[in-house]
Protein chains: 2
Amino acid sequence: MENRAISQAVIKRLPRYMRYLTELRSQGVERISSQELSEKMKVTASQIRQDLNLFGGFGQQGYGYNVGNLIREIGVILGLDQSHDIIVIGAGNLGRALAGYANFENRGLFIRALFDIAPENTVSNVRGLPVYSMEHLPEYLKNNRVDIAVLTIPKTAALSVAQILYDGGVRGFWNFAHLDLALPDDAYVENVHLSDSLMQLTYRLKHK
Amino acid sequence: MENRAISQAVIKRLPRYMRYLTELRSQGVERISSQELSEKMKVTASQIRQDLNLFGGFGQQGYGYNVGNLIREIGVILGLDQSHDIIVIGAGNLGRALAGYANFENRGLFIRALFDIAPENTVSNVRGLPVYSMEHLPEYLKNNRVDIAVLTIPKTAALSVAQILYDGGVRGFWNFAHLDLALPDDAYVENVHLSDSLMQLTYRLKHK
DNA sequence: AAAACATTGTGAAAGTCTTGACAAAGGTTT
DNA sequence: AAACCTTTGTCAAGACTTTCACAATGTTTT
């Protein structure tokens, strides 16, 4: 838990640093300066140093940053050092796509099950994951720890299902339903609006 | 084409206004004040007025904003008054999810086809859309207008496929591959990194 | 048709975020 | 082991964004 307030803007950039650093590590790069990294990421070196320094002095003057160490440190900041148990609500194409996402497990993100109103229609089981009926959700929540629920269901169903999840103790919500999910303050909701980003693209195509 | 520079922050908010206004219209609401809308959207009334005023005086003193009119105006700003022809590259779960997305067509966004390296494996055709082999992509681009390509392919394939698309005249890219796609300046790329948003959630769960 | 009311549009203030600049600190070379 | 080089950490300036506050203007009521 940080005591200084970290701005949303910084938090948004951390996963991006993670991506570039992981890529560098896979290329065998062991050290990098803020200058070099800034060129690859198309941001200023100053911003990188400022951002990283909010969480501690991970670099070394005259040397730069150790890639492996930095990945580990940012991982801790993002909570990826702890394991997270995740269920996916809605086993349609999007739910299956997210459940089948490789690399989550490297980061301690474990998809445990999918739920659907019509589980028997689910064409192919994703990576051998069980697909349960929605009716079994409350019981599942009694017997299993769930840190994050992924919602890929119609917006008409989203609020009532979220309530069941919240009552069952779930506090993390990755919401793909087309509404801004409003839950009590101790629940953390990340709303993803894919079509919003497509409209930013149409805006730019029009105003180029 | 706007002459004043509109900030990225404003452009990001426009689709959100669109969502709330469309919802209001479907509830039969015909007029709304910035104050009322700000309460629903949890932003300040001042921000709404400031944002909308960048594009023109859509409101009326003492009355507020006409919902239908505002939807139409924001639609024009976002380019949703023009039709866009879209193809999806990669007919996996994610590609099929996006291709099957309802409501795109209401906004002039027409998915015309999917492409995949193994089209015969595509379990179910989405909404009767054709699934072509990747080999046919250059020929397709010769014969069909494509405004936007949606990339739901592995990052190893993304750049070479993007190059084929760019050479074929495509300038809009909605990229879900796990890299920041870099293309010439006259191409417009919207990179979507789903796992970044999940990591923002794990951050908040850890630092609550 | 006048008075009272509501609400926008907008300039300026306050707040936040990003960038620039450089002293301090450690690395590297000779 | 001294001199030189590199690069961070950090403070302050600059840029950008949000919020405040209110005159202007149109709406509604009486």
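This is a predicted model: local features need pLDDT of at least 70, side-chain atom pairs count only at pLDDT 80 or more; totals for chains, interfaces and linings use all residues.
Where in chain A is A:E30 found? A:E30 sits in the loop that runs between helix 1 and strand 1 of chain A.

Is A:E30 buried or exposed? A:E30 is exposed because 11 other C-beta atoms lie within 10 Å. Leaving aside residues up to four places away in sequence, A:E30 touches A:N66, A:V67 and A:G68. A:G68 is 38 residues from A:E30 along the chain, yet 6.8 Å separate the two C-alpha atoms.

**Strands of chain A**

Chain A has an open sheet of three strands in the order 1-3-2, with antiparallel pairing. Strand 1 (31-32) and strand 2 of chain A are at the edges of this sheet; each has a single partner strand, so one side of each is left without a neighbour in the sheet. Strand 1 and strand 3 of chain A run antiparallel and are joined by two bridges. One residue pair can be named here: A:I32 has A:Y65, in strand 3 of chain A, as its bridge partner.

A parallel pairing is found between strand 4 (residues 84-89) and strand 5 of chain A, which are joined by six bridges. In this pair A:H84 has A:L109 of strand 5 as its bridge partner. Strand 5 (residues 109-116) of chain A is mostly covered, with six of its eight residues buried.

**Chain A as a whole**

Chain A contains eight helices and nine strands. Of its 208 residues, 35% are buried. The C-alpha atoms fill a box of roughly 60 × 45 × 35 Å along the principal axes. Among contacts between residues at least 6 apart in sequence, 54% join residues at least 24 apart. The chain is divided into domain 1 (8-78) and domain 2 (84-196). The centres of these two domains of chain A, taken over C-alpha atoms, are separated by 31 Å.

**The two protein chains**

How is chain B superposed on chain A? A rotation of 180 degrees, with 0.0 Å of shift along its axis, does this with an RMSD of 0.0 Å. The two copies are therefore related as by a two-fold rotation axis. The same surface serves both copies, since 100% of the contact residues of chain B recur in chain A. Within chain B, the residue that comes closest to the rotation axis is B:N93, whose C-alpha lies at 2.4 Å.

Contact between the chains involves 43 residues of chain B and 43 residues of chain A. On the chain B side, the elements giving two or more residues are helix 1 (8-26), helix 4 (67-78), helix 5 (93-99), strand 8 (172-175), strand 9 (188-191) and helix 8 (194-206). Helix 8 of chain B gives the most to this side, with 13 residues. By class, the side of chain B that touches chain A has 20 nonpolar, 12 polar and 11 charged residues.

**The DNA strands**

DNA strand C is surrounded by 30 residues, the closest being A:Q61, A:G62, B:G57, B:G59 and B:G62. Two or more residues of this surface come from each of helix 1 (8-26) and helix 3 (45-53) of chain A, and from each of helix 2 (34-41), helix 3 (45-53), strand 2 (59-60) and strand 3 (64-66) of chain B. Helix 3 of chain B gives the most, with six residues.

For DNA strand D there are 30 surrounding residues, and the closest are A:G57, A:G59, A:G62, B:Q61 and B:G62. Here the elements with two or more residues are helix 2 (34-41), helix 3, strand 2 (59-60) and strand 3 (64-66) of chain A, along with helix 1 and helix 3 of chain B. The largest share, six residues, comes from helix 3 of chain A.

The table lists the residue classes of the surfaces described above.

| Surface | Nonpolar | Polar | Charged |
|---|---|---|---|
| Near DNA strand C | eight residues | 21 residues | one residue |
| Near DNA strand D | eight residues | 21 residues | one residue |

Key. Residues are numbered from 1 along each chain as its sequence is written. Chains are lettered from A and ligands numbered from 1 in the order in which they are written. A residue is near a molecule or strand if its C-beta atom, placed from the backbone, lies within 6 Å of it. Helices (H or I, at least four residues) and strands (E, at least two) are DSSP runs, numbered from the N terminus. Ala, Val, Leu, Ile, Met, Phe, Trp, Tyr, Cys and Pro count as nonpolar, Asp, Glu, Lys and Arg as charged, and the others, Gly among them, as polar. Copies are superposed by least squares on the C-alpha atoms of residues with pLDDT of at least 70 in both. Two residues are in contact if their C-beta atoms, placed from the backbone, lie within 7 Å. Two strands pair if DSSP finds at least two bridges between them. Domain bounds come from an automatic or database domain assignment. A residue is buried if 20 or more other C-beta atoms lie within 10 Å of its own, exposed if 12 or fewer, and partly exposed in between; C-beta atoms are placed from the backbone.
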